[in-house]
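Reader: I am new to this structure. Please show me how to read it, one feature at a time.

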Amino acid sequence: MYTYRYPDMPHHRRDAYSCGSKTKKSKTTTTTHAKYPDDKNDVCTQAAVVREVGDAHALKVENDYPTPQMKPGQVIVKNEYAGVNFIDTYHRKGLYPRDLPFVGGQEGGGTVAAVSDEAANEGIRVGDHVAYSVFGSYAQYTAVPAAKLLPVPEGVGLDVATSCVVQGLTAHYLTTSAHAGLIRPGEWCLIHGVGGGTCQWAAQMAKLRGFKVIGTCSKGKADVASALGCDELIVLDEVPGASYEDYESADIVTRVMEVTDGKGCKAVIDGIGKSTVDISINSLAHRGIFISFGNASGAVPAFPVLRLIGKSAYVTRPKLLDYTVDRAELVSRADEVFGWLKEGKLNVSVDRAFPLDQAAEGHIYLEAGKSKGKVLYKID
Ligand SMILES: NC(=O)c1ccc[n+]([C@@H]2O[C@H](COP(=O)([O-])OP(=O)(O)OC[C@H]3O[C@@H](n4cnc5c(N)ncnc54)[C@H](OP(=O)(O)O)[C@@H]3O)[C@@H](O)[C@H]2O)c1
């Protein structure tokens, strides 16, 4: 038996979480698995839904989407923000296939609106401010396992907290763990695309870790990048007709070697992929590590392992899920990031918040490379 508590929901929705249910449920009820998401009787929430994969317009805003039902151990979050990430566009396009239909997004922040008994036993209360990463955040309500909730401390805005979940935690593990200790304070690190979302965070966190940082960025984002505290900023021309960097417009490797007295960088953090792989490997120091975490310009092509022999170099291709394997790891990363935010040691730019009913515009904006920080949906 699980008690549903949701005092901030509209009155007509309090008796049963699924407002369209014909049979009124009691307040204390055994958890049932809703015929989510296709039960037309359970329609009452706004969500940006993908029913067929495609371009940004495949993301359709529906105002009669079924509210999620809360399972044991979960809470229902009333979202105030949802984060827009590149991976959402990969799901929407079908590049990373998912069962259809699905509610877009996997990053949200808001207020706890309903609590299962198990979550209540963990100390979670209606009204708590939380951020999280689970599928289905482009909606007014999302069911979230208690173990995935990050309590947002006072003094950190929900917009900033939402921005932190994917990009902030990614930057944290990239600068804290993915380098496997092969770089130490005082040594050089190269970070590509520091005008972009994740790497704005990563450049600042690398400095907090005591590394010396060389950043690359496009001319159009040099204003944002120059505020991050990089020791050396390599500003690149943009690809004609695009807003992102032309990585051939400057000799990055030569500059890296000049700046590092010919030694190279002990770690290279690269979310650009195809356009930067050669630069990254050639910029490494002996026994340095190439951390290839993304493919904004396309997937990294295969290369022979023998290529690493010149510097006895290391390569890793990490992902956030493997660096937040359990609640303890998730919370310890988030605590440190929220702590830095509260202390003013991290400066996070929220670029723009689109209303959820402009969901397609949010994806178009992100994919055009126009953002200089986090893109969010504001959800009423
Ligand atoms: N492995 C993980 O754990 C993990 C976690 C989060 C993200 N990612 C991946 O990391 C990548 C970046 O994500 P993000 O959230 O940081 O995105 P973002 O904020 O949009 O930043 C993307 C960066 O890539 C550059 N860029 C975009 N398109 C490009 C192109 N066609 N050619 C060259 N450069 C291009 C941008 O350059 P400008 O700044 O000049 O526009 C920007 O610096 C994505 O592939 C994402 O899926 C991986």
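Author: What follows goes from the whole chain to a sheet and then to the ligand. Keep in mind that this is a predicted model.

Reader: How many helices and strands does the chain have?

Author: The chain has nine helices and 18 strands. Of its 380 residues, 47% count as buried.

Reader: What share of contacts in the chain between residues at least 6 apart in sequence join residues at least 24 apart?

Author: That share is 66%.

Reader: How do I read a sheet?

Author: Strands of a sheet pair through backbone hydrogen bonds, and the pairing is either parallel or antiparallel. One case here is an open sheet of three strands in the order β4-β3-β6, paired antiparallel. Its edge strands, β4 (59–65) and β6 (102–103), each pair on one side only.

Reader: How many bridges join β3 to β6?

Author: Two bridges join β6 to strand β3, which covers residues 45–50. As an example, Val 50 has Phe 102 in β6 as its bridge partner.

Reader: Which residues are closest to the ligand?

Author: Gly 193, Gly 196, Gly 197, Gly 294 and Ser 297 are the closest of the 30 residues that surround the ligand.

Reader: What classes of residue make up the shell around the ligand?

Author: The shell has 17 polar, ten nonpolar and three charged residues.

Reader: Which domains does the shell draw on?

Author: At least three residues come from each of domain 1 (2–166 + 324–378) and domain 2 (179–317).

Terms used:
Residues are numbered from 1 along each chain as its sequence is written. This is a predicted model: local features need pLDDT of at least 70, side-chain atom pairs count only at pLDDT 80 or more; totals for chains, interfaces and linings use all residues. A residue is near a molecule or strand if its C-beta atom, placed from the backbone, lies within 6 Å of it. Ala, Val, Leu, Ile, Met, Phe, Trp, Tyr, Cys and Pro count as nonpolar, Asp, Glu, Lys and Arg as charged, and the others, Gly among them, as polar. Domain bounds come from an automatic or database domain assignment. Two strands pair if DSSP finds at least two bridges between them. Helices (H or I, at least four residues) and strands (E, at least two) are DSSP runs, numbered from the N terminus. A residue is buried if 20 or more other C-beta atoms lie within 10 Å of its own, exposed if 12 or fewer, and partly exposed in between; C-beta atoms are placed from the backbone. Two residues are in contact if their C-beta atoms, placed from the backbone, lie within 7 Å.
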